[in-house]
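Thanks, everyone. Let me put the structure up, and then we'll go through it quickly.

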Amino acid sequence: MPILHTIIFKAKADVKQEEVDKVLKALGDLGKVVPNLSNYKCGTNFSDRSKGFTHSFQVEVPDKDALQVYQVHPEHVRVRDTMLKPIAEDLMCIDYEF
């Protein structure tokens with residue numbers, strides 16, 4: 001069953017949008033090296049109901065096995081740990097089958 005993997009995060013106050021854009025692009029580029037990723041979407045929040053979360057990205061994977069491959073893939077780990085986490089004040093993940 002397909003899975004939608006969604007991350008929302010709050011960028012730290014001193015982080016410029018250009019830096020966030022680099023992170024979102026790097027996450028989107030993972031589809032070139034990690035198998036089975038599709039329908040990548042990202043953006044900056046404009047809702048006043050976001051509880052301070054500023055950005056989101058989503059990617060679809062075909063099943064839980066593919067999600068596990070994505071989560072431990074060295075390039076995903078590198079982007080997450082060296083690019084996303086340093087700019088994020090807080091983040092949340094939601095995975096669901098559809």
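Start with Val 34. Val 34 sits in the loop between α1 (17-29) and β2 (38-44). Helices here are DSSP runs of H or I with at least four residues, strands are E runs of at least two, and both are numbered from the N terminus.

This is a predicted model, where local features need pLDDT of at least 70, side-chain atom pairs count only at pLDDT 80 or more, and totals for chains, interfaces and linings use all residues. Residues are numbered from 1 along each chain as its sequence is written, and side-chain values use heavy atoms, with hydrogens and water left out.

Is Val 34 buried or exposed? Val 34 counts as buried, at 3% relative accessibility. The cut-offs: buried is under 20% relative accessible area, exposed is over 50%, and partly exposed is in between, using a 1.4 Å probe and protein chains only.

Which residues does Val 34 touch, leaving aside neighbours within four places in sequence? Tyr 70 and His 73. Contact means heavy atoms within 4.5 Å. Ala 66 is 32 residues from Val 34 along the chain, and their C-alpha atoms are separated by 9.4 Å.

Now the whole chain. There are three helices and four strands. From the N terminus, the order is β-α-β-β-α-α-β. Take contacts between residues at least 6 apart in sequence: 75% of them join residues at least 24 apart.

Next, dimensions. The radius of gyration, over C-alpha atoms, is 13 Å. For 98 residues, a compact globule would have a value near 13 Å, so the chain agrees. That rule is 2.2 Å times the number of residues to the power 0.38. Along the principal axes, the C-alpha atoms fill a box of roughly 35 × 25 × 20 Å. Buried residues are 34% of the 98.

For Cys 42, the nearest cysteine sulfur is that of Cys 93, 16 Å away. Cys 93 is in no disulfide either. Cys 42 is partly exposed, with a relative accessible area of 43%. Cys 93 is also partly exposed, at 39%.

Last, the surface. The chain exposes about 6100 Å², and carbon and sulfur atoms supply 55% of it. Those areas come from the Shrake-Rupley method with a 1.4 Å probe.

Methods. A disulfide is a pair of cysteine sulfur atoms within 2.5 Å.
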